[in-house]
Structures are given as C-alpha cells and as structure tokens.
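Please open the model in your viewer and keep the selection panel at hand. The tour below goes from one selection to the next and says what is found at each stop.

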Amino acid sequence: MHFKRCCFGVRKSSQQDLAELSSEKDIKLFSYNALRSATDNFHQSNKIGRGGFGTVYKGILKDGTPIAAKVLSAESKQGIKEFLNEINAIANVKHPNLVLLLGCCVQGVNRILVYEYVENSSLDQALIGTNSERARLHWGIRSEICIGTAKGLAYLHEDIEPHIIHRDIKASNILLTENFLPKIGDFGLAKLFPDNVTHISTRVAGTTGYLAPEYAMQGQLTRKADIYSFGVLVLEIISGKSCSKSYLSEDGKVLLERTWELYEEGKLTELVDPSLEDYPEEEVLRYIKVALFCTQAVAGRRPSMPEVLHMLSKPIKLNEKELLPPGIIQDPTTLSKGLEGSRTFVSTSASSIPELSSTTLDTFTEMAPR
Ligand SMILES: Nc1ncnc2c1ncn2[C@@H]1O[C@H](COP(=O)(O)OP(=O)(O)OP(=O)(O)O)[C@@H](O)[C@H]1O
Ligand SMILES: [Mg+2]
C-alpha cells in the first residue's frame with residue numbers, strides 16, 4: 001500500500017484519499033478484488049465485447065447485481081483525482097435511455113468502469129442477425145429504439161450541465177434491454193482519453209460511416225456531429241444494413257449515398273429492410289427523411305435533438321424544400337490526418353463549443369392538416 005504525507009505530517013493511505021474523494025463526488029468505488037471475483041478473474045468466458053476503450057466483462061456482484069465491467073485498455077497517465085473528476089460528470093447522469101454507471105475501480109494502474117448490465121446485447125448484434133432474427137425487430141420496436149435513443153441524446157445535449165456530446169453514437173453503443181428498450185452507452189468516455197491520439201484515431205477509423213464531415217475533416221465538434229451519427233443510425237435501423245464498409249451496396253455506394261439516390265428517384269421504400277413485413281409506410285418514410293435532415297452536409301442545417309424528437313414522434317409534414325444532399329466523406333484516407341491535427345477540440349462541454357448555427361423548427365416541419 002502506498003502512503004503519503006498529509007498536512008499534519010500524519011501518514012494517510014492513498015486508498016483513504018480515494019474514499020474521501022469518492023464520497024465528495026458521490027461515486028461508488030469498487031475494489032479490484034470485488035470485480036475480480038464478480039467476473040471470475042476476468043475469465044474469457046465472461047468477456048462480452050471489446051471496443052476502442054477496452055474489454056467488457058459480464059460479472060455478478062456479491063449481492064447478486066449483474067454488471068458490465070469495462071477494463072480500460074489505454075494506460076492512464078491521468079491522476080486519480082482527474083480521473084474521478086471526469087467520471088463524476090457521467091456518474092450522476094440518470095435517464096431511462098442512458099446506461100447507468102454504477103461506479104469505478106481505480107487501483108494501481110487499473111481503471112475499470114462498472115455499468116449496469118443490459119441484457120439484450122447491442123443494436124449492432126440485433127441488426128446483423130438472419131432475416132428471421134431481424135423480423136423480431138418489428139416496426140414498433142424499431143421506432144421505439146429510434147425515439148428512445150433520441151430522448152437519451154436530447155437529454156445529454158440539452159438537459160444536463162455541462163452538456164455532453166457523445167462523439168461515438170453507433171449501433172454497438174446502443175444497448176437493448178429485455179424489452180428492446182434502447183440505452184445509450186459510453187457517453188462522456190472520450191473525455192477520459194484526451195491525450196491518447198492513437199486510441200482516438202483507431203476508434204475513428206473504425207466508425208467512419210457515422211462521422212460528420214466537419215468533425216472528421218476539420219475537427220469541428222458540436223452537438224451536430226452527434227446528430228449526424230444519429231441520422232446514420234436511424235438509416236441502419238430501418239434498412240437493417242450497417243453503414244460500415246463491409247456492407248457497401250453492390251455499386252460501392254455507402255448507405256447514406258444510396259438513401260439519397262433512392263430519395264431523388266422517389267423509391268425510398270426500397271431502402272426498408274425486407275425482413276420488415278408489415279410497416280406504416282408514411283411513418284417509415286418520414287423517419288428516413290428525418291435521418292436525411294440529420295445528415296445534411298452543413299451542420300447548421302441539421303435539426304437539434306428536441307426538434308428531431310418532435311419530427312419522429314408526431315405525424316408532421318416535413319418541409320422537404322429545405323432538404324439538400326447529405327454530407328458524405330468521399331475519401332476516408334484523408335481522415336486520420338485531419339484528426340491528428342484536431343486533437344485540441346476534445347471536449348464534452350457544449351458550453352465551450354461553438355454552435356454552427358441555430359435553426360428553428362419551422363425550417364424543417366409544417367404541421368400536417370388534420
Ligand atoms: N452495460 C453493458 N451491458 C451489456 N453489454 C455491454 C455493456 N457495455 C458494453 N457491452 C457489450 O460489449 C460490447 C463492446 O462494448 P465496447 O463499448 O467496449 O465496444 P464498442 O461499443 O464496439 O466500441 P467503442 O469502444 O467505440 O464503444 C458491446 O457491443 C456490447 O455488446
Ligand atoms: Mg461501446
């Protein structure tokens with residue numbers, strides 16, 4: 001155990017310091033041992049995934065609570081205090097559509113985040129199933145996933161202070177409950193790695209299809225970057241196709257490009273997942289058009305999350321005259337260069353980030369006559 005000298009010359013353990021800090025900040029601290037026994041010594045069979053930030057293990061705490069323990073892979077140069085400060089911003093965020101952070105473990109070099117366990121894996125898993133598996137995701141479920149995700153994101157963007165920009169909205173970060181309710185995971189996590197360029201570049205390279213052009217190319221990060229990713233996600237939910245390269249259509253076009261083409265040809269129903277047998281056509285088409293508004297090339301033309309929520313949940317007529325082609329990154333090879341130069345914009349506080357423009361709801365919608 002490490003000891004250090006406190007102000008009166010009395011030795012005090014760093015674990016004691018930690019306990020004081022955590023009670024100040026209302027963060028539950030887990031011991032490494034507790035998590036080791038919960039995950040059967042981080043056994044391979046409990047591994048449920050691996051992402052850019054680290055490996056995720058399923059575990060059961062002594063009191064029977066199931067958890068997902070995310071063992072952060074990047075070697076943290078951050079001090080414990082800074083680490084807890086960052087976590088503090090996300091630890092006290094509670095919303096039905098956000099994965100709850102139960103606490104963390106900071107012992108030695110170990111940095112582990114402990115989340116509530118969400119039973120039904122992530123949306124990417126649900127969408128890559130066979131046709132009959134995907135058919136379980138009927139329209140009612142898919143629209144609830146879109147709306148629930150929009151609610152969670154609107155909460156992060158508008159309702160909490162400081163606002164949080166997720167920066168990595170994608171299907172694998174949308175977890176599904178037993179009843180297929182969506183919960184956004186990993187929000188605020190990027191902030192824990194402000195100095196780790198390689199890490200961020202790797203993640204970005206893996207999720208190219210979701211990146212707003214101004215963010216990917218010039219490093220301009222605003223809430224509108226999340227809104228762009230949300231638009232891509234909606235298209236994936238409706239089409240049952242991933243935006244990633246491996247799912248390029250036969251002619252080599254990415255999902256968003258293909259969607260715009262079908263929109264211009266008046267054939268948007270061709271985008272809909274064939275395993276969705278019975279669906280309300282008008283509503284589904286509205287969702288696709290909302291996704292096109294979200295992915296507009298100019299960030300200022302994208303709606304805010306509350307506006308998106310309004311457009312998705314009400315049978316309104318969208319003002320399609322305002323719709324321009326979506327922003328698509330044509331040459332992903334330019335990405336990493338752009339991103340390496342853009343490290344300084346890493347921030348989760350929207351108050352320190354310029355909004356590109358504010359647009360009113362009227363621009364996007366007209367109320368449908370009853
Ligand atoms: N709280 C959780 N409950 C249940 N499963 C989870 C939880 N968190 C993560 N997972 C599972 O672990 C997988 C890996 O998650 P992780 O966040 O590490 O990677 P990722 O989402 O693919 O990439 P990224 O690092 O960009 O978030 C997820 O796809 C999901 O299936
Ligand atoms: Mg994730």
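Begin by selecting Asp-186, which is found in the loop between strand 9 (182–184) and helix 7 (197–206); helices (H or I, at least four residues) and strands (E, at least two) are DSSP runs, numbered from the N terminus. This is a predicted model, in which local features need pLDDT of at least 70 and side-chain atom pairs count only at pLDDT 80 or more, while totals for chains, interfaces and linings use all residues. Residues are numbered from 1 along each chain as its sequence is written, and chains are lettered from A and ligands numbered from 1 in the order in which they are written.

Asp-186 has a positive phi of about 65°, although it is not a glycine. Is Asp-186 buried or exposed? It counts as buried, with 24 C-beta neighbours inside 10 Å; a residue is buried if 20 or more other C-beta atoms lie within 10 Å of its own, exposed if 12 or fewer, and partly exposed in between, with C-beta atoms placed from the backbone.

Now select Lys-183, whose place is in strand 9. Lys-183 is buried, with 23 other C-beta atoms within 10 Å. Leaving out residues up to four places away in sequence, Lys-183 touches Asn-97, Leu-98, Val-99, Val-118, Leu-175 and Thr-177, where two residues are in contact if their C-beta atoms, placed from the backbone, lie within 7 Å.

Phe-180 is the next selection, and it is found in the loop between strand 8 and strand 9. Phe-180 is partly exposed, with 19 other C-beta atoms within 10 Å. Its contacts, not counting residues up to four places away in sequence, are with Asn-120, Ile-141 and Ile-145. The C-alpha atom of Phe-180 is also separated by 8.4 Å from that of Glu-144, although the two are 36 residues apart along the chain.

**Two backbone details**

Select Ser-121, in the loop between strand 7 (110–116) and helix 4 (123–127). Its phi is near 60°, a positive value in a residue other than glycine, and Ser-121 is partly exposed, with 13 other C-beta atoms within 10 Å.

Then go to Glu-161 and Pro-162, which are joined by a cis peptide bond with omega of about -5°. Pro-162 lies in the loop between helix 6 (139–159) and strand 8 (174–176).

**Around ligand 1**

Select ligand 1 and the residues around it. How many residues surround ligand 1? There are 21, and the closest are Gly-49, Gly-51, Gly-52, Ala-68 and Ser-172; a residue is near a molecule if its C-beta atom, placed from the backbone, lies within 6 Å of it. Strand 3 (residues 47–50) gives the most to this shell, with three residues. Coloured by type, the shell divides into nine nonpolar, eight polar and four charged residues, where Ala, Val, Leu, Ile, Met, Phe, Trp, Tyr, Cys and Pro count as nonpolar, Asp, Glu, Lys and Arg as charged, and the others, Gly among them, as polar. Domain 1 (12–116) and domain 2 (123–369) both give residues to the shell, so ligand 1 lies between them; the domain bounds come from an automatic or database domain assignment.

**Lys-70**

Select Lys-70, where an unreviewed UniProt entry places the feature "binding site"; such annotations may be inferred rather than shown by experiment. Lys-70 has its place in strand 5 (residues 66–72) and is buried, with 25 other C-beta atoms within 10 Å. Beyond its neighbours within four places in sequence, Lys-70 is in contact with Phe-53, Gly-54, Val-56, Ile-112, Leu-113 and Tyr-115.

**Helix 10**

Finish at helix 10 (residues 255–265), whose buried residues are Leu-255, Leu-256 and Thr-259. These cover an arc of only 95° around the axis, which puts them on the same side of helix 10; the arc is that of the directions from the helix axis to the C-beta atoms. What covers them includes helix 9 (223–239) and helix 11 (281–294). On the other side of helix 10, Glu-264 and Glu-265 are exposed, and just after the helix Gly-266 takes a positive phi of about 70°.
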